[in-house]
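Hello,

I am passing this structure on to you. Please have a look at the structure first; my notes follow below it.

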Amino acid sequence: MSRTVPSWLADPVAIVIGEGEGLEAVAHELAAAGATIARGPVVASRAEAAAAIEAASAAARDPVTLLVHTVSALVRTRADQLDPAAWRAGLQASLDSRFFYAAELAQSLMAQGKPGTILFLDLPEEAGGAVQAAASGALCNLTKTLAVEWARDGIRVNTIASRVVAGGTKAELRSLGALAAYLVSDFAAYITGCVMGIDD
C-alpha cells in the first residue's frame with residue numbers, strides 16, 4: 001500500500017493488538033504518518049496489559065500514548081444453539097482484552113500527566129450472530145462511556161466499525177487506514193466517543 005496521509009503524527013508510540021488485514025492497513029498508515037508501532041498480545045488480565053505496555057514503552061524508549069485494538073472474528077452460532085459457556089467466551093474474547101489495555105493505558109497516562117488516544121477496531125468479516133451483535137453493541141457503549149470518563153484527562157476514545165475489510169479493495173483498506181490515522185491525530189482533537197465506519 002502506498003502512503004496516503006502526511007507525517008502529521010508527532011511520533012507517538014502506538015501499541016497495536018490483534019491481527020487481520022484491516023489492522024495491518026491501520027498499522028501501515030499510522031507508521032506512514034509518523035507513529036512508532038509496537039505489537040502486543042491479546043491479554044486476559046490488567047496485569048498482563050500493564051506488562052505489555054511497559055515492555056513496549058521500554059523498547060521504544062518513549063511512553064506508549066496510543067492504543068489500537070481489534071479482535072479475531074467471533075464464532076457464528078444460532079442464538080438458540082448457544083450454550084452459556086460459548087456466550088460468555090464470545091463476549092470475553094471481544095471485550096476483556098480491549099478494556100484491560102484501555103484501563104491500564106489510561107491509568108499510566110494520568111499518572112504521567114500525558115494525553116493519549118485509544119482506537120478500537122470492530123471489523124467483522126460479515127454480519128455475525130447474537131454474540132457479534134451483543135459484543136458490537138457493548139463496544140459502542142464502552143467507547144462512549146470511557147470517552148466521557150477520561151475526557152478531562154485528555155484521553156480520547158473512538159471506534160471504527162466497518163465490514164469493508166474481508167475481500168476489501170486496496171482503496172477501501174487505504175481509506176480504513178487513513179481514517180484511523182486521522183482519528184488519532186491532533187486534527188481530530190475534538191472527536192471522542194464516536195463510532196464510525198467506511199462502509200458504502
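Helix 1 passes helix 5 in a right-handed crossing, meaning that the near helix is turned clockwise from the far one by less than a right angle. The model is a predicted one, in which local features need pLDDT of at least 70, side-chain atom pairs count only at pLDDT 80 or more, and totals for chains, interfaces and linings use all residues. Residues are numbered from 1 along each chain as its sequence is written, and side-chain values use heavy atoms, with hydrogens and water left out.

The axes of helix 1 (residues 21-32) and helix 5 (residues 170-183) cross at roughly 55° and come within 8 Å. On the helix 1 side, the contact (heavy atoms within 4.5 Å) is made by Glu21, Gly22, Ala25, Val26, Glu29 and Leu30. Helix 5 contributes Leu173, Arg174, Leu176, Gly177, Ala178, Ala180 and Ala181. By type, these residues are eight nonpolar, two polar and three charged; Gly counts as polar, and Glu and Arg as charged.

Now the strands. Strand 3 (residues 64-69) is mostly covered, with six of its six residues buried (under 20% relative accessible area, 1.4 Å probe, protein chains only). Strand 3 runs parallel to strand 1 (residues 13-17), joined by five bridges; strands pair if DSSP finds at least two bridges between them. Ile17 has His69 of strand 3 as its bridge partner. Strand 3 also pairs with strand 4 (residues 116-122) in the parallel sense, over four bridges. There, Leu66 has Thr117 of strand 4 as its bridge partner.

Regards

Key
Axes are lines fitted to C-alpha atoms, for helices over the stretch in contact, and angles run from 0 to 180 degrees between N-to-C directions. Helices (H or I, at least four residues) and strands (E, at least two) are DSSP runs, numbered from the N terminus. Buried means under 20% relative accessible area, exposed over 50%, partly exposed in between (1.4 Å probe, protein chains only).
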